[in-house]
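This report describes selected features of one protein chain. Please consult the sequence and the structure shown below while reading.

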Amino acid sequence: MNHIADLAALKKPLPDGLLAALAPLFGERLSTTMAMREHHGRDASSYDPMPPDAVVFVESTEEVAALVKLCSEYQVPVIPFGSGTSLEGHVLALQGGISIDLSRMNRLLAIHAEDLTATVQAGVTRKQLNHEIKDSGLFFPIDPGADASIGGMAATRASGTNAVRYGSMRENTLALTVVTADGRIIKTGTRAKKSAAGYDLTRIFVGSEGTLGVITEVTVKLYPQPEAISAAVCSFRNIADAVNAVIQTIQLGVPVARVELLDENGVRAINAHSRLALPEQPLLLFEFHGSENGVKEQAELVQAVVAEHHAVGFEWATRPEDRSRLWTARHNAYFALLQLRPGSRAISTDCCVPISRLAECILETKADCEANGMVYSIIGHVGDGNFHVQMLVDPDDAADIARAEGVNARMVSRAIGMDGTCTGEHGVGLHKIDFLVEEHGVEAIATMRALKHAFDPKNIMNPGKIIRW
């Protein structure tokens with residue numbers, strides 16, 4: 001919290017000269033109204049709004065470059081904004097400045113079906129992309145739950161429920177167009193599947209959370225739509241059995257597309273929210289992609305594995321409407337949990353560990369939540385060792401918030417001690433910034449800071465996120 005206060009103390013009024021320069025370039029697409037600023041000063045995190053001084057709706061890479069060049073000249077912060085679905089305070093304007101709204105940059109620029117690639121503007125959302133390519137027989141698999149923008153997903157190195165089979169944005173981003181901190185336009189990478197040509201700038205900007213430049217175009221990998229898809233759901237007597245079933249499934253090499261864990265609290269919440277009648281016990285939700293025979297074989301293998309771990313009620317769902325109902329309920333788990341404590345705010349956090357340590361990490365975290373009287377749920381993309389904890393707190397109760405943050409800090413230290421990471425997919429933003437030294441060490445952080453200084457010497461690119469200046 002001191003980090004936030006220290007940066008806020010450095011806030012300066014927006015120069016009149018900058019507004020005067022922006023007005024003829026953007027006209028009505030430049031807004032300083034409080035409603036618009038507050039909308040762009042919040043995300044899905046537990047932080048109070050921190051609005052920018054102005055919002056600009058851009059429509060091309062060239063407009064982004066012109067805007068950033070002016071902000072560099074006046075040394076005014078720039079905060080890229082996609083759909084506002086980030087969870088760790090990524091889009092909050094700690095020092096005010098200009099929020100660059102990229103939502104109008106929503107065109108598919110090129111679909112190369114023969115090469116399994118697509119190039120899109122940063123404001124294209126994942127659902128929009130899949131809708132527009134559905135007739136090509138291809139799909140884009142990265143699914144963080146929310147209908148996030150592709151640019152934002154690249155900036156936060158997003159992953160989600162399909163990552164166990166298809167990977168994250170790190171593996172699925174081939175090339176970027178980026179506006180640098182001084183307003184230059186650069187292109188990183190090509191549509192080739194691999195390259196050994198110099199520094200991998202694409203990987204530097206993927207996961208940089210807007211602190212090194214503004215991503216305006218993204219070239220991503222696409223995949224053939226599976227011939228067959230089925231889902232399966234089963235319940236367990238305890239978390240350990242459920243997680244150990246997943247570990248054995250992965251170690252056997254079963255190519256599951258998705259495997260999600262919900263603890264009994266998460267199941268109770270989605271039952272109430274989505275009017276389901278699932279047993280209120282730890283639950284695994286699987287999805288299988290492949291040929292008709294391949295999907296059947298995968299499901300049968302998994303059914304045998306989970307039976308060894310005392311699973312009950314193993315049910316297949318092959319009809320699209322049944323699968324959709326289950327996955328929609330899963331994606332709404334965050335909102336479902338909020339209903340368990342009306343008036344509360346959710347502190348949502350994640351970590352990721354080697355899969356062999358997953359059961360241990362989850363069980364210790366669950367015991368910590370119970371010991372501190374938290375209203376919580378644990379939900380995980382457990383096929384890749386990633387799980388989330390959502391804790392409901394009274395936003396006006398400092399002690400309640402402190403207990404939740406204590407659980408979070410111990411969970412992160414536990415994960416790092418198991419050779420894991422403080423965040424598997426949420427990103428750093430504001431919430432995880434204090435854990436990076438523990439995870440990477442002082443010298444590595446110094447190297448990251450040097451990189452930030454080299455790319456953004458005036459510290460105008462989303463200041464206060466990832467690295468302390």
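## Nonpolar cores

In the largest nonpolar core, which has 54 residues, the members touching the most others are L284, F286, I362 and F387. A nonpolar core is a set of buried Ala, Val, Leu, Ile, Met, Phe, Trp, Tyr and Cys residues joined through side-chain atoms within 4.5 Å. Buried means under 20% relative accessible area and exposed over 50%, with partly exposed in between (1.4 Å probe, protein chains only). A second, separate core has 26 residues, including L108, M153, F205 and V220.

This is a predicted model, in which local features need pLDDT of at least 70 and side-chain atom pairs count only at pLDDT 80 or more, while totals for chains, interfaces and linings use all residues. Residues are numbered from 1 along each chain as its sequence is written, and side-chain values use heavy atoms, leaving out hydrogens and water.

## Helix α1

Helices (H or I, at least four residues) and strands (E, at least two) are DSSP runs, numbered from the N terminus. Within helix α1 (residues 2-9), the buried residues include H3, I4 and L7. They lie on the same side of α1 because they cover an arc of only 100° around the axis, taken from the directions from the helix axis to the C-beta atoms. On the other side of α1, N2, D6 and A9 are exposed.

## The open sheet

Five strands form an open sheet in the order β5-β6-β10-β8-β9, with antiparallel pairing; two strands pair if DSSP finds at least two bridges between them. β5 (108-112) and β9 (185-188) stand at the edges with a single partner strand each, so one side of each has no neighbour in the sheet.

Strands β6 (residues 117-121) and β10 (residues 213-221) are joined by five bridges. T119 stands opposite T219 in β10.
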